[in-house]
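Subject: Structure handover and notes

Hello,

Here is the structure for your files. My notes on it follow below.

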Amino acid sequence: MNKIKETALTVAGLATVLAAGQTVAHAASTYTVQEGDTLSQLAQKFNLTVEDLVKSNKISDANLLFVDQKISIPTSAVSASTTNDSAAASQAASSAASSAAASLAAASSAAAASSAAASSAAASSAAASQAAASSAAASQAAAATPAATTSTPDAPAGSGSVYSQFIAAGGTNALWQYIVMPESGGNPNAVSPNGYHGLGQTMQGWGYGSVATQTQGLVNYAVSRYGSVDAAVQFRLANGWW
């Protein structure tokens with residue numbers, strides 16, 4: 001009888017731990033963009049529409065997100081997401097309790113037939129329940145830990161040392177991808193039929209300098225005219241010129 005009681009306490013304790021482990025705390029109403037994120041993915045994650053996110057964050061281009069960009073999530077969406085997770089946790093706890101009850105009933109029945117068989121069945125049931133709890137805890141930990149990402153850009157194909165010099169001089173990957181490449185193809189000596197020159201296709205003096213000089217000129221121009229490099233990129237994407 002003592003063995004059965006110990007088994008019952010072990011199973012009940014494991015069920016309690018499993019139920020408690022299902023509670024997931026959600027972050028506040030600001031989300032930090034990770035590499036690979038899109039607005040449609042974020043809208044689905046928070047039970048919103050892409051239009052909701054565009055309006056609440058005043059995003060001019062729904063196809064353009066930046067790593068580490070802060071996205072404001074409406075409070076109602078955060079609450080809804082938390083409610084859904086709470087319901088899932090309750091269901092998991094209920095399933096664990098049912099499993100524990102079934103294990104205890106099996107152990108009691110085995111004890112009535114044979115005390116030796118009851119001890120063996122109780123030990124097996126406890127081991128199985130512990131393994132299930134460990135597996136569930138491991139799965140929860142894996143789900144709660146985000147995959148490691150990196151915002152370090154790879155050099156675009158064919159850019160060679162020009163891209164490396166550009167980044168070293170203070171340029172950004174977004175500036176290179178969405179302004180330099182469309183304007184000059186990454187050629188610091190490019191000249192258009194209208195006389196525009198260099199990486200950013202300008203008629204200003206810095207457009208004829210070294211890669212470092214041209215990079216500084218591009219960055220300064222973007223900040224002085226548009227307020228930031230990101231704002232300049234968004235303008236170029238929206239209008240096809242800058």
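Where is Asn-47 found? Asn-47 sits in the loop between helix 2 (39-45) and helix 3 (50-57); helices (H or I, at least four residues) and strands (E, at least two) are DSSP runs, numbered from the N terminus.

On provenance: this is a predicted model, in which local features need pLDDT of at least 70 and side-chain atom pairs count only at pLDDT 80 or more, while totals for chains, interfaces and linings use all residues. Residues are numbered from 1 along each chain as its sequence is written, and side-chain values use heavy atoms, with hydrogens and water left out.

Overall

The chain holds nine helices and two strands. Read from the N terminus, the order of elements is α-β-α-α-β-α-α-α-α-α-α. Of its 242 residues, 31% count as buried (buried is under 20% relative accessible area, exposed over 50%, partly exposed in between; 1.4 Å probe, protein chains only). The chain exposes about 13600 Å², and carbon and sulfur atoms supply 55% of that (Shrake-Rupley method, 1.4 Å probe). Among contacts (heavy atoms within 4.5 Å) between residues at least 6 apart in sequence, 51% join residues at least 24 apart.

Asn-47 has a phi near 60°, a positive value in a residue other than glycine. Asn-47 counts as partly exposed because its relative accessibility is 46%. Gln-201 is not a glycine either, and its phi is positive at about 55°. This residue lies in the loop between helix 7 (173-184) and helix 8. With a relative accessible area of 14%, Gln-201 is buried.

Buried residues in helix 8 include Val-211, Gln-214, Leu-218 and Tyr-226. Gly-227 follows helix 8 and has a positive phi, near 100°.

Helix 8 packs against helix 9 (residues 229-239) at an angle of about 80°, with the axes 8 Å apart (axes are lines fitted to C-alpha atoms over the stretch in contact; angles run from 0 to 180 degrees between N-to-C directions). The two helices are therefore roughly perpendicular (65 to 115 degrees). Helix 8 contributes Val-219, Ala-222, Val-223 and Tyr-226 to the contact, and helix 9 contributes Val-229, Ala-231, Ala-232 and Phe-235. By class, this contact has eight nonpolar, no polar and no charged residues (nonpolar is Ala, Val, Leu, Ile, Met, Phe, Trp, Tyr, Cys and Pro; charged is Asp, Glu, Lys and Arg; the others, Gly among them, are polar).

Regards

Terms used: Parallel < 35°, antiparallel > 145°, perpendicular 65-115°, else oblique.
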